[in-house]
Amino acid sequence: MALMKRWADRLIVAGLAAFGLAAIVGTVRHFGGIVALGGAAPAAGGAAAAGAGFWLIWRMSRLPARFVVPAAMLIAFGLRAVWIATVPTAPVSDFRTMAEAARAVAGGDVGPLRSEYFQLWTYQVPFVLGEAALFRLFGPDLAVLKWANAVVLALLPAVGYALGRSAAGGGRSFGAGQTRRAGGAPAGPPADGTAEAGAPEPGSRDGGVDAPEVGGTDPGPRHGAVGAAGAGATEAEPRDGAAEAEAAETAGKLAALLLAVYPSTVMMASVLTNQHLAALLAYGGLFVWGRALRRLSGGKGGRALMLTGAAGALLAAGDLVRPIGIVFVAAAVTGALLFAGERPRLSGKEGRARFGFFGRLGLALGLVAVFFAGRTAVSVVLVTTGVTDRPLGNHEPLWKFVAGLNRETIGHFSRADYEAVMGLPAGEARSAFERALIAERLRAPGLGAFFMEKAAYLWGFPDQAPIWSGWAPPKPVLAAALAFERVLFLLAVLGLSAFGRLRRPEIGPGGAVLALFLLGYAAAHLVIEIQVRYRYDALPALLALGAVGWTKRRRK
């Protein structure tokens with residue numbers, strides 16, 4: 001298991017390096033378009049403003065969490081409220097289809113849910129029902145949905161704080177082990193009481209440092225740990241536990257503030273997308289899952305089971321809103337089995353056996369069971385009540401691969417492909433055509449170069465939130481805004497470099513889950529359809545990882 005963990009560490013570091021390279025190459029390649037749009041001076045001004053803003057956020061992250069987190073939430077709501085009040089966004093494309101259907105459902109007509117669009121992509125139905133519920137409660141004005149977005153996005157910084165803190169080791173999420181300081185003296189809690197401190201835990205997978213729980217005894221070598229001492233280290237070295245807890249707090253606060261001001265999430269606030277709510281639910285589910293593993297590590301199996309149920313329910317709810325939950329679940333399970341906790345040992349406080357690998361395996365199976373049971377239950381209810389004729393899901397799954405492997409469009413939607421596929425009758429004839437087209441595109445020479453180009457486009461192209469929101473300021477202003485977003489994104493990416501080298505990875509359990517999700521999400525979009533706005537789903541993970549990385553750099 002220790003060898004497997006070391007190789008997993010190295011694979012994640014290599015994956016993050018490849019991700020960062022694609023983002024940097026793509027941004028540099030396409031930054032000229034921003035300059036051409038509004039001129040060099042506005043672009044440089046936007047880039048400088050991003051640097052200054054990051055410095056200010058870094059300074060603010062030194063303030064107490066009891067001030068920073070509420071402030072981040074208020075800033076998030078305020079910025080989005082101003083945006084919603086001043087930018088008259090009209091829904092387009094799928095957003096318009098779903099909003100119109102929601103209005104009809106709110107009026108008692110579920111007929112639109114039986115249209116071809118919802119018959120093919122029935123996974124959109126739960127989100128439409130949520131929109132309809134808001135219309136029923138507050139009226140059919142589209143502003144209702146926009147202000148609901150503002151509320152959801154105001155909560156996201158709190159989730160970002162929790163994720164960043166646990167990823168850096170604070171709160172001991174993802175099963176950080178209980179231990180004593182070298183020399184046998186038990187560690188005590190830091191002055192602020194935010195986390196209990198002790199002997200060193202492996203370097204955080206986010207690039208931070210795990211703060212272990214207190215009360216146990218150190219059994220000797222730590223398994224699967226590859227920390228600052230290098231790969232293969234077998235004994236913990238003394239560290240300042242209070243400093244580690246403070247660093248974790250700083251990482252969480254930095255992640256919260258970055259999420260509060262990130263331009264894409266501000267400009268998309270007036271867009272009626274399902275991405276906002278899905279992100280809040282799914283990332284909230286990851287945080288609760290980390291707490292479940294923490295309880296298991298402390299010998300509290302019953303509490304761990306309850307938290308696992310809550311985490312599975314949140315992940316299932318996020319998947320019902322936007323069907324990317326399987327990537328979150330895969331990251332959560334893999335991270336738990338490979339990186340969380342250690343061998344069973346005794347708790348020094350209560351003398352109870354702690355759960356090891358098989359305990360985590362049981363929780364992981366429970367998480368998967370709750371996730372799929374929740375999705376299936378909602379689907380069955382909607383079919384039996386006549387809301388929809390087909391189970392929830394993507395009933396044209398191959399289409400995403402057909403579009404994603406189209407080299408002429410760099411993996412974007414292709415009208416020619418759509419007409420060729422949808423022009424065939426639904427069933428085996430259409431599926432056979434899609435499979436043949438996918439196989440042909442996979443066999444074509446230059447697949448690796450295409451994947452590189454596609455990744456550089458997805459993670460490096462200027463933000464398209466202004467297009468979706470209908471914001472059309474003077475070109476110099478737009479160029480400055482786009483440059484601001486790109487530089488802030490790159491600063492987060494640069495934080496990933498603090499995770500160590502291939503021979504000395506420094507990634508801990510909490511960060512492992514976020515890194516696994518980010519890499520899994522990026523890998524999936526090498527072969528499926530992309531839009532620039534799809535990177536929104538990965539922003540909380542990236543910003544939390546970047547925050548931990550910058551905190552780690554400072555401590556070095």
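Predicted model: local features only at pLDDT ≥ 70, side-chain atom pairs only at ≥ 80, totals over all residues.
Helix H12 (325–339) and helix H13 (357–384) pack with their axes 9 Å apart, at an angle of about 170 degrees. Angles over 145 degrees count as roughly antiparallel, so H12 is roughly antiparallel to H13. On the H12 side, the contact is made by Gly325, Ile326, Val329, Ala332, Val333, Ala336 and Leu337. Their partners on H13 are Phe357, Arg360, Leu361, Ala364, Leu367, Val368, Phe371 and Phe372. By class, this contact of H12 with H13 holds 13 nonpolar residues, one polar residue and one charged residue.

The second pair joins helix H2 (residues 40–60) and helix H19 (residues 475–495), whose axes come within 7 Å and cross at roughly 40 degrees. That angle makes H2 oblique to H19, and the crossing is right-handed. From H2, the residues that meet H19 are Pro42, Ala43, Gly46, Ala47, Ala49, Ala50 and Phe54. H19 contributes Pro476, Ala479, Ala480, Ala483, Phe484, Val487, Leu488 and Leu491. The contact of H2 with H19 has 14 nonpolar residues and one polar residue, with no charged residues.

The largest pocket holds about 1300 Å³ of space. Its lining is made up of 46 residues, and those nearest the centre are Trp121, Tyr123, Pro323, Asn394 and Lys400. Several helices give two or more residues to this lining, among them H4 (93–106), H5 (116–120), H11 (301–321), H14 (397–404) and H15 (415–422). H13 supplies the largest share of the lining of the largest pocket, with five residues. Sorted by class, the lining of the largest pocket has 26 nonpolar, 10 polar and 10 charged residues.

In the second largest pocket lies about 420 Å³ of space. Of the 22 residues that line the second largest pocket, Ala18, Phe19, Ala22, Ala455 and Leu526 are the closest to its centre. Helix H1 (2–38), helix H17 (447–460) and H20 are the elements that give two or more residues to the lining of the second largest pocket. The largest share of the lining of the second largest pocket comes from H17, with eight residues. The classes represented in the lining of the second largest pocket are 16 nonpolar, three polar and three charged residues.

Note on methods. Residues numbered from 1 in each chain as written. Heavy atoms only, no water. Axes fitted to C-alpha atoms, helices over the stretch in contact; angles between N-to-C directions. Helix = DSSP H or I, 4+ residues; strand = E, 2+ residues; numbered from the N terminus. Parallel < 35°, antiparallel > 145°, perpendicular 65-115°, else oblique. Left-handed = near helix turned anticlockwise from the far one by under 90°. Contact = heavy atoms within 4.5 Å. Nonpolar A, V, L, I, M, F, W, Y, C, P; charged D, E, K, R; others polar. 1 Å grid on protein atoms, 1.4 Å probe; cavity = no way out; pocket = protein on both sides within 12 Å on 5 of 7 lines; lining within 4 Å. Points joined across faces, edges and corners; volume = space filled by probe spheres on them.
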